[in-house]
Amino acid sequence: MAVEDTPKSIITDDQIPPNPNNEEINNNNNDLEEGEILDEGDDSSATSKPNSAAVHPLENSWTFWFDNPQAKSKQAAWGSSIRPIYTFSTVEEFWSIYNNIHHPSKLAVGADFHCFKHKIEPKWEDPICANGGKWTVQYQKGKSDTSWLYTLLAMIGEQFDHGDEICGAVVNVRNRAEKISIWTKNAANEAAQVSIGKQWKEFLDYNETIGFIFHDDAKKHDRGAKNKYVV
Ligand code: MGP
């Protein structure tokens, strides 16, 4: 499936309207960038250097995917309405997209919003995901925005000791809850999965027990799949 590389597709998409909190987030972002990227102490160099030089490449490229809840409500096969909306490979591109999309608390019930390593589709059927599984944390409706951001930052900032094991993350917005899951590649590698689960809980300051489900079990048992690991 082709990935659209233009931010326009995000901003004009009816399903992902601009984030009303842009101002606040942009301000924070500006604070960060002032120290990190722009050297404003020296006027001559600030004007002579193009801003495009000040980019911070990420170790991996990542793609945001969105599943439109309205399309999902039709009798279509699962996954037929999931589409890639934007791929980013620098810190600056990440913030420019993050600041222009709604966060989980503002997404419609039924929406699924994914951030996966480029070229990995957020589906059990993707060959890289096929033998994997997922850890899930759960929040009350409207309460997952900060953890979604922290999850994204930890993933794209390569904060996990077993970051190579990670495919991506998804937030599922449902009636009573918002669930965030991290998908991994080799579910059978218990040590790596447990390490990811423990580190994730620390990053989120999440105190409840969380469970890891193998995609294979989810396929066989639908919503009855049991946790294989807990941390
Ligand atoms: P879900 O959306 O991951 O769970 O999967 P949730 O949020 O508990 O359920 P929801 O009804 O509130 O959305 C729900 C169902 O979607 C699964 O039981 C599968 O039937 C189907 N499904 C989910 N995923 C992630 C996949 C997938 O990757 N491939 C296929 N073929 N079906 C999937």
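Strand β7 (residues 211-214) is joined to β8 by two bridges, and the two strands run antiparallel; strands here are DSSP runs of E of at least two residues and helices are runs of H or I of at least four residues, both numbered from the N terminus, and two strands pair if DSSP finds at least two bridges between them. Within this pair, Gly 211 stands opposite Val 230 in β8. The structure is a predicted model, in which local features need pLDDT of at least 70 and side-chain atom pairs count only at pLDDT 80 or more, while totals for chains, interfaces and linings use all residues. Residues are numbered from 1 along each chain as its sequence is written.

The pair belongs to an open sheet of eight strands with antiparallel pairing, in the order β2-β1-β3-β5-β6-β4-β7-β8. In total, the chain has eight helices and eight strands.

Strand β6 (residues 177-184) is largely enclosed by the rest of the structure, because six of its eight residues are buried. A residue is classed as buried if 20 or more other C-beta atoms, placed from the backbone, lie within 10 Å of its own, as exposed if 12 or fewer do, and as partly exposed in between. Strand β4 (residues 133-140) runs antiparallel to β6 and is joined to it by eight bridges, with Gly 133 opposite Thr 184 in β6. Strand β5 (residues 166-173) pairs with β6 in the antiparallel sense over seven bridges, and Gly 168 stands opposite Trp 183 in β6. A hairpin is formed by β5 and β6, with three residues between them.

In strand β1 lies Phe 66, which is buried, with 22 other C-beta atoms within 10 Å. The C-alpha atoms of Phe 66 and Pro 84 are 6.5 Å apart in space, although the two residues are 18 residues apart in sequence. Positive phi values in residues other than glycine include that of Lys 119, near 80°, and that of Glu 158, near 55°. Lys 119 is placed in the loop between β3 and β4, and Glu 158 in the loop between α6 and β5.

The residues around the ligand are Trp 78, Gly 79, Lys 123, Trp 124, Glu 125, Asn 172, Arg 174, Asp 222 and Arg 223, each having its C-beta atom, placed from the backbone, within 6 Å of the ligand. This shell comprises two nonpolar, two polar and five charged residues; Ala, Val, Leu, Ile, Met, Phe, Trp, Tyr, Cys and Pro count as nonpolar, Asp, Glu, Lys and Arg as charged, and the others, Gly among them, as polar.

Buried residues make up 29% of the 231 residues in the chain. The mean pLDDT, the predictor's confidence in each residue from 0 to 100, is 83 for the chain, and 76% of residues reach 70 or more.
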